[in-house]
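Trainee: I would like to learn how to read a structure. Could we take it one feature at a time?

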Amino acid sequence: MATTAVKEKSIPPVLASEPMHPRPFKVLKNQPETHDTFTLELEPAEGPREFRFAPGQFNMLYVYGFGEVPISISGNPAEPGILVHTVRGVGSVTRALERLKRGELVGVRGPFGTSWPVKEAQGNDLVIVAGGIGLAPLRPAMVQALAERDKYGKIVLLYGARTPDDLLFVRELEQWRSRLDLEILVTVDRALGAWRGNVGVVTTLFPRASYDPFHALALVCGPEVMMRFVILELQKRGTPPERIYLSMERNMKCGIGLCGHCQIGPTFVCKEGPVYRFNRVKDLFGKREL
Amino acid sequence: MSEADQKGRTPAVFEAEGLQTLVETLARKGYQVIGPMVRDKAIIYAELESDRDLPAGWTDVQDGGTYRLEKRQDEALFGYVVGPHSWKQFLHPPKARLCQAKRKGDCFEPRGEDREIPKQAFLGVRACELAAIAVQDRVLLQGVYTDPVYQARREKVALVAVNCTRAGGTCFCASMGTGPRVTSGYDLALTEVLEDGKHYFVTQAGTELGEEILNEIPHREAGEKEKQTAEGLVAKASGEMGRTLEAEGVHDLLMANLEHKRWDEAARRCLTCGNCTLVCPTCFCTTVEDSTDLTGEQAERWRRWDSCFTLDFSYIHGGSVRPSGRARYRQWMTHKLATWHDQFGTSGCVGCGRCITWCPVGIDITEEARAIRETGVSQAAPSGKEISRANP
Amino acid sequence: MQTLEPILAEHPFFKNLDPKILQVITGCATNVVFKAGEFIFREEGDAQEFYLIRKGQVALEIYAPGRGPITLQTLHDGNILGWSWLVPPYQWHFDARAVEETRAIALNGRCLRTKCEECHELGYELMKRFAFVVTQRIEALTLQLLDIYGDHRS
C-alpha cells in the first residue's frame, strides 16, 4: 500500500536522502578560546564544497567512537566554505571534539532548526544579548547584520560571562568595540582586582545601552535563567514579546523531529526551534519540569 | 461494512475453512504472515504458519494491571481483543541499524545501510490498531523529514483487519472514535460470526490487493441477514466498552490543569517503569546509540525504542529537565491526549486500553482524565495559573 | 554660591521627591570627586556617608588573602553607593574604589539620621527609595551567585 509523504518545507537534497548519516568533515583548525571552550573550523571531506546555513541553526556533530551532540554554528553565513563551531567541553563527546587535531574527521548532520530573523530588524535597532556560550550562536547574526550595516539602526551587544577569562571571541569583540557604529557592553559575574570592566549580571548593562526599545528587535541567548531575567528587563523597558527572540535548548538525539526527546509541551525544539519568538514560548517558560 | 464502498466492492462471505486459504494465499504472494497466537499465557503477534496457530477458542479478561486468558464456549478464532503486542514492533522496530562507519587511519569512512525489508501481512488488525497505524503514518511519514525505516516497511505491508465482536475490559475505542468498527486503511476486513452451528466470515475488500486475495478464497455475496448479524455483533461490542473517556475538550482541559494535585496522586503510584510506552501502539520515541566493536575498527549507529519515563530522556548538561516521576507521568499523558493534537492534528490515543492493562499498578488513563475533569479548572486563567477564590 | 539642590534634584535617586524635603536633605550634602584608583571607603571603616554617583565607575571589592581583591560589582552613573550608614553598627563591609575619576554627592549619615528622626516624612521617603535600591541590588547579586554560566555537573 503506497503512502505519500507530505513535505512541509523543502530541505537540501544532501540532507533529504539520509538525514541520520553523518557527513565527514575535515578539521582545519582547533583553536582554544578559554579553559573549557574551543572553536573548530571544518570543511567537507567529500561532496559539495559549501555548507550553507542560517544564523541560529545547529548541526549534530559526531566523533567516531564517541557519539553525537547538537552544537550551534558560530561562523559567518556569507562564508559557506568553512564550517565553524564553538564548543564547550562538558561531556565525553564534547571533550572528544576538543581533542581533535587538524586533518581528523568529524561527522556532520545538518543544518537543522530555525534561525534568527535578523532581517526583521532592518530599519530599526538591533539588540543582541548573550550570556556565556550563548554568544556563539549569536555571532553569525551579528556578522550578518554588520555585512549590511546601513540597513539597521543602532546595533547593541550586551554580553555577560562568568569571569574575564571566560570571555569568547575577545579579539573580535575588541574589533567591534573599535567601530563607531556599534555599541558593545561587556560584564562578568566576578573578577579579580585586575579587571577594569563591569562586574555584575548582564541585566545591569541595560541602563547604559541606548536603543529604541519600542521598535527594536532583540535576540537573546544564554542559560535559561539568564534569558528569563533578560527578557523581563527587555519588556520592562518597552520591548513587546513579538519583538524578542530567544534560543531554547533541550536534549536532542535525531535533530529531525522523529525521536521525541526535545519536546517542551507541544513544540519540538529541533524543528520549531531552537530560535523562537518569545510570545510563542512565553507560557512554556514559567512551567517547571515541562 | 453493510454497503458497497466507493469502488463498488460489496461484502462477501466465506466459511471458516477459508481462513486457511487466506493464509496460504498471502504466503504464496510472498508475504510473511504475522498474526495472533497464544504464547506465555498471552495472545501476542508472531509469524503464522497456518490458521491452526490462531488462538481458537480463547478470550482475554483484562482490567487495570490484570490480563489473563480464558477458554471460550466456542471455537472463535478472533474472540479476544488486543494483547501486549502491537503492530508497531514490525513497522517501527525496537532496534534498527541506521548506518555504519569503518576506521581508516585517523579518519572514518561512513557506509549506508542495505535494508533487507521483509514483506509482511498482518492478520487480525483491530480498528484501534488501524487507527494507531494511521497515527504513526502521520508522525513518521508526514513531517519535514520522513523515517525511511518505517516507510520501507509500511509500503510493503498488507493489512487484514478484523472487526471486534466483543469489547475488552479496558477498551475505550468508542470514546476515541477509532472503533470497534473498521472503516478504512485495510486491504481486507473480516467479521467473524458463529451462530446456530455455523462459522463464517463476512468480509469486505478495501483495495485491489484485498480483492485479489478474496478472489482466491471460495466465497459468495453476503446475504442481508448475514450482513445484519455481523453489524449487530460490532454494535454490541460498541455498547459494552470496558472504559470511557470524554475526548471532547480534553486538550484544553489538561493544558489548563498542569499543576492539578491529581498528578501528585498518580506520581505516588507510578513506578516510571515505562510499560505503557512499550505497549502503546502510537508511542514513537527512539534514541540513537553510537557504538564501536571491541577492536575499534567498526562503528555502528543504532536506533532503539526509548521512553519519556526515563530520567535520561530529557537530560541536558546539569541534569534532567523532568527529574520527578510526577513530571514524567504528566509528560506522557499530556502528550498522548493533548499536545499530540498541537503537533499532529489528531489525538495520540486510540483507546486500545493496553496502558491500563499492562500498568503494574493499574493506573488508568481514563480515570485520570475523569478525575481532572471533575475537579480541575475548565480553562486556563489569563496568567495561566489557577485563581483561588478562597481568599479574595 | 550655587547650592547643591538642583544637582540633587536631577539625580535619579531623588526623582519626584517633594522639593521641601529635598531642601532639608541638601543641608547634609557635599560635592566630592575621587581620583582613578582612589578608595572611597574601606572595609570596617566608619560608614559616615552614602554617595550618589553622578559620573564615573566604582568597584565594590573584597580582599581575599592569596587571591587579592575580588570585584563583586561595579556601579555607574546614577547608582547609589553604600547603605551601611542606615543600620548600626554603621560600618562598611566592603571596599569601594573609584575605577576612573568619579564625581559624586556625599550625604552625611549622622546628619540624615538626625533629620529623619525629626521629620518622619523624610525618613519614609528615604526608606522607600533605599528599599527599592536594595531589592534591585539583591536580585542582581542573587543572579551572580547562581553562577549561571558555570559548569553544572551533578
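Mentor: Start with helices. Helices (H or I, at least four residues) and strands (E, at least two) are DSSP runs, numbered from the N terminus. Axes are lines fitted to C-alpha atoms, for helices over the stretch in contact, and angles run from 0 to 180 degrees between N-to-C directions. A word on the source: this is a predicted model, where local features need pLDDT of at least 70, side-chain atom pairs count only at pLDDT 80 or more, and totals for chains, interfaces and linings use all residues. Residues are numbered from 1 along each chain as its sequence is written, while chains are lettered from A and ligands numbered from 1 in the order in which they are written.

Trainee: At what angle do α9 and α11 of chain B pack?

Mentor: Two packed helices are described by the angle between their axes and the distance between the axes. Here α9 (residues 262-269) and α11 (residues 325-344) of chain B meet at about 105°, and their axes are 8 Å apart. Angles under 35 degrees count as roughly parallel, over 145 as roughly antiparallel, 65 to 115 as roughly perpendicular and the rest as oblique. So α9(B) and α11(B) are roughly perpendicular.

Trainee: Which residues make the contact of α9(B) and α11(B)?

Mentor: Residues are in contact if their C-beta atoms, placed from the backbone, lie within 7 Å. From α9(B) come W263(B), D264(B), A266(B) and A267(B); from α11(B) come G325(B), R326(B), Y329(B) and R330(B). Ala, Val, Leu, Ile, Met, Phe, Trp, Tyr, Cys and Pro count as nonpolar, Asp, Glu, Lys and Arg as charged, and the others, Gly among them, as polar. This contact has 4 nonpolar, 1 polar and 3 charged residues.

Trainee: Into which domains is chain B divided?

Mentor: Domain bounds come from an automatic or database assignment. In chain B, domain 1 covers 12-239 and domain 2 covers 250-375. Their C-alpha centres lie 25 Å apart. Between them, 39 residues of domain 1 of chain B touch 33 residues of domain 2 of chain B. The domain 1 side has 20 nonpolar, 12 polar and 7 charged residues.

Trainee: How many residues of chain A are in contact with chain B?

Mentor: 42 residues of chain A are in contact with 48 residues of chain B. The chain A side divides into 18 nonpolar, 11 polar and 13 charged.

Trainee: In what order do the strands of the open sheet run?

Mentor: Two strands pair if DSSP finds at least two bridges between them. The open sheet has 5 strands, in the order β10(A)-β5(C)-β4(C)-β7(C)-β2(C), with antiparallel pairing. β10 (191-192) of chain A and β2 (39-41) of chain C are at the edges, each with a single partner strand, so one side of each has no neighbour in the sheet. β2(C) pairs with β7 (residues 95-98) of chain C over 2 bridges. There, F39(C) stands opposite R97(C).

Trainee: Where are the cis peptide bonds?

Mentor: Most residues other than glycine have a negative phi, and most peptide bonds are trans. One cis bond joins G110(A) and P111(A), with omega about 5°. P111(A) sits in β6 (residues 105-112) of chain A. Another joins P88(C) and P89(C), with omega also about 5°. T272(B) has a positive phi, near 50°. T272(B) lies in the loop between α9 and α10 (275-279) of chain B.

Trainee: What is the mean pLDDT of chain C?

Mentor: pLDDT is the predictor's confidence in each residue, from 0 to 100. Chain C has a mean of 89, and 97% of its residues reach 70 or more. For the complex, the predictor gives an ipTM of 0.90 and a pTM of 0.89.

Technical notes:
Contact = placed C-beta atoms within 7 Å.
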